[in-house]
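Trainee: I have a model open and have not looked at it before. Can you walk me through it?

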Amino acid sequence: MTAAWVATDNQYQSKECTLMLNQKSRTTSFVLTFLFGPLGLLYASWPAAIILGVIAFVTAVTLVGPAICWVLGMIIGDSATRKHNRGIEEFKALMSQGKDK
């Protein structure tokens, strides 16, 4: 059974559900991870935020572990944001192909 999707701005609706497709800002992701380290990852990827947060906490005695987690948080945050935005663009392209048929 295929659902007929109706698009309005960043919202896609069918009889079964409504999807709100909002892109995430790479600048916001960078600023949050720069200022808050692994906690800033909550904006882009909450599983990565939890994992890096635990690793940073466990290695806090060394001070090197949290610093590495901080830098990794910025890299992973940007990557997760780009992946999220790419997925939205692919979905929108798929939906526009469906409307053309």
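Trainee: What does the accessible surface of the protein chain come to?
Mentor: About 7,100 Å², and 67% of that belongs to carbon and sulfur atoms. The area comes from the Shrake-Rupley method with a 1.4 Å probe. This is a predicted model, where local features need pLDDT of at least 70, side-chain atom pairs count only at pLDDT 80 or more, and totals for chains, interfaces and linings use all residues. Residues are numbered from 1 along each chain as its sequence is written, and side-chain values use heavy atoms, with hydrogens and water left out.

Trainee: How many helices and strands are there, and in what order?
Mentor: The protein chain has 3 helices and 3 strands, running β-β-β-α-α-α from the N terminus. Helices (H or I, at least four residues) and strands (E, at least two) are DSSP runs, numbered from the N terminus.

Trainee: What share of the residues is buried?
Mentor: 27% of the 101 residues. Buried means under 20% relative accessible area, exposed over 50%, and partly exposed in between, with a 1.4 Å probe and protein chains only.

Trainee: Which residues make up the largest nonpolar core?
Mentor: L41, A48, A49, L52, A56 and C69. Helix 2, residues 46-58, gives the most to this core, with 4 residues. A nonpolar core is a set of buried Ala, Val, Leu, Ile, Met, Phe, Trp, Tyr and Cys residues joined through side-chain atoms within 4.5 Å.

Trainee: What does L52 touch?
Mentor: Not counting residues up to four places away in sequence, L52 touches P38, L41, C69, L72, G73 and I76. Contact means heavy atoms within 4.5 Å.

Trainee: Back to helix 2. Which of its residues are buried?
Mentor: A48, A49, L52 and A56 are buried in helix 2. They cover an arc of only 100° around the axis, which puts them on the same side of the helix. The arc is that of the directions from the helix axis to the C-beta atoms.

Trainee: And which exposed residues are on the face turned away from the buried side?
Mentor: W46, I51, F57 and V58.

Trainee: New topic. Where is T81, and is it buried or exposed?
Mentor: T81 lies in helix 3, residues 64-100. T81 counts as buried because its relative accessibility is 0%. Its side chain makes a polar contact with the side chain of S29, at 3.3 Å. A polar contact is a pair of N or O atoms within 3.5 Å; within protein, one must be able to donate a hydrogen and the other to accept it, and residues adjacent in sequence count only if both atoms are side-chain atoms.

Trainee: What else is T81 in contact with?
Mentor: Leaving aside neighbours within four places in sequence, its contacts include K24, S25, R26 and A44.

Trainee: Where is K24?
Mentor: K24 lies in the loop between strand 3 (18-20) and helix 1. At 23% relative accessibility, K24 counts as partly exposed. A polar atom of its side chain lies 2.9 Å from the backbone oxygen of Y43. The C-alpha atoms of K24 and H84 are separated by 7.3 Å, although these residues are 60 apart along the chain.
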